Amino acid sequence: MSKGAYHGPLEVVDLCCYRIPKSYKPGMRVDGLIFANETLMATLAKDQAPEQVANVAHLPGIQVASMAMPDIHWGYGFPIGGVAATDPDEGGVISPGGVGYDINCGVRMIRTNLTYREVKPHLRELVEELFQTVPTGVGQSGRFRFNDKELRQLMRRGVPFLLDRGWATPADIDHTEAGGCLEGATPDRISDMAVRRGLDQCGTLGSGNHFLEVQVVDHVFDAECAQVMNLEKDQVCVMIHSGSRGLGYQVCDDSLRDLRRAPEKYKIELPDHQLACAPVHSPEGEHYIGTMRAAANYAWCNRQLLTLQAREVFAHVFGRSWAELGMSLLYDVAHNIAKLEEHTIGKKQKKVWVHRKGATRAFPAGHPEVPDIYRGIGQPVIIPGDMGRASWILVGQPGAMERTFGTTCHGAGRVMSRTEAIRRAGTRRIDKELEGRGVIARAQSRKGLAEEQPDAYKNVDDVVEVVDGAGLSKRVARMRPIGVIKG
């Protein structure tokens, strides 16, 4: 979190949206829009993230508005929770700050046919075996190793590369955003350092806010949508949150270094050097897009291999194959990515680059990119909360296409820096506190749990209330955590 408060204008648009007028700062090309309610704005006003919303509004080619979701907090260049669409035919740019360091950090949900009653007697054993099997922590390597040539193939082909090895199923691919592969990836342009960092990290969880969580559906809000998703009360599910690991971080770092002088070269004036960017149709822009796509494909493979390991653990603990346990993928969605999409802007169809940084795609019913099985209800939206309260499944709504380029929130959003969270934890045992709430938690260190304690985050229920009220996505089911592993 940043120091200091935001002192600029915030105009009320409606109960779920506030505006920063483009008159606020010279150079703003569009307004800023923050989707939040009065409760969340009281917290946000103490942070400088709204200033970043205004800064993003300076980007060439930006369309409609610089936007932020209700889980907004301070980030690198863009706020986390930031959304911006740029039109390449109007000099639109691509900005690594609008994707983030962890390219294609995202989340997926796996169903089971187990109930809480069946899992509860085995919960501690299950969490312990997950923790021992799934690699967690900074720089941790895993059991899946690829040589340089194989890794570049993986980054070009995404999850279909794993299908050929028996590590994914056609159904896994069908239920992953973009089929687990962005076309046009250029892994040959990725630095040797990035490749080295990725050789042994595919299939590892990482650290920070990444997790593998065992959850139980505790309330169904939309019975029709839940039935299509094969979700019901007391059902046990698994949620996985991870990204492109050290490889993606290095790709972003390399790109920011390469783009350092691009704004000056293309005469782009920016209020913050962290917004370094280049026109989409430029050598620098095309280079970043190709390497970003490669890192995104790596991230989808990472989550797929994490799924494989979770399925193996469940099969061992419960003595049945993962197929017999009904461990099918409900959906996988990215929340740190930029994609070329078609949207209606001012009654015209345009292809624009939608930057989503800490924001989730939320396409409505009927959209051609929604899998067939969900096309009648809308794309599943997966919103993780903190490890002590809840997570959510929603579906995309038409309002998202009308207001936010088909986008909704991605999580709860931090209200406390990691340093502050550790300070406030003091000598408390966060694992014991969680156990008192019925959650078995394992992590590599007490510090890791202290950084991610529930109090470090907004209440995800408040965040979800805003996106539901704004018509961006509709509540389907709420899950509570019962077991979690972290780095």
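Two strands count as paired when DSSP finds at least two bridges between them. Helices (H or I, at least four residues) and strands (E, at least two) are DSSP runs, numbered from the N terminus. With that in hand, welcome to this structure.

The model is a predicted one, in which local features need pLDDT of at least 70, side-chain atom pairs count only at pLDDT 80 or more, and totals for chains, interfaces and linings use all residues. Residues are numbered from 1 along each chain as its sequence is written, and side-chain values use heavy atoms, with hydrogens and water left out.

**The sheet**

Let us start with an open sheet of seven strands, whose order is β1-β2-β3-β4-β5-β13-β12 and whose pairing is mixed. β1 (11-14) and β12 (336-345) stand at the edges with a single partner strand each, so one side of each has no neighbour in the sheet. On average, neighbouring strands here are turned by 25 degrees against each other, direction ignored. Axes are lines fitted to C-alpha atoms, for helices over the stretch in contact, and angles run from 0 to 180 degrees between N-to-C directions.

Two of the pairings can be set side by side:

| Strand pair | Sense | Bridges |
|---|---|---|
| β1 and β2 | antiparallel | three bridges |
| β2 (residues 17-20) and β3 (residues 31-35) | antiparallel | four bridges |

β1 and β2 form a hairpin, with two residues between them. Y18 is a handy landmark: in β2 it stands opposite V12, and its bridge partner in β3 is I34.

**The helix across the sheet**

Now follow helix α12 (residues 283-318), which lies across β12 and β13 (348-357) and runs at about 110 degrees to β12. Just after α12, G319 takes a positive phi of about 70 degrees.

**A helix crossing**

The axes of helix α5 (residues 148-157) and α12 come within 7 Å and cross at roughly 95 degrees. The two helices are therefore roughly perpendicular to each other, a label for angles of 65 to 115 degrees, while under 35 counts as roughly parallel, over 145 as roughly antiparallel and the rest as oblique. L151, L154, M155 and R156 of α5 make the contact with A294, N297, Y298 and C301 of α12, where contact means heavy atoms within 4.5 Å.
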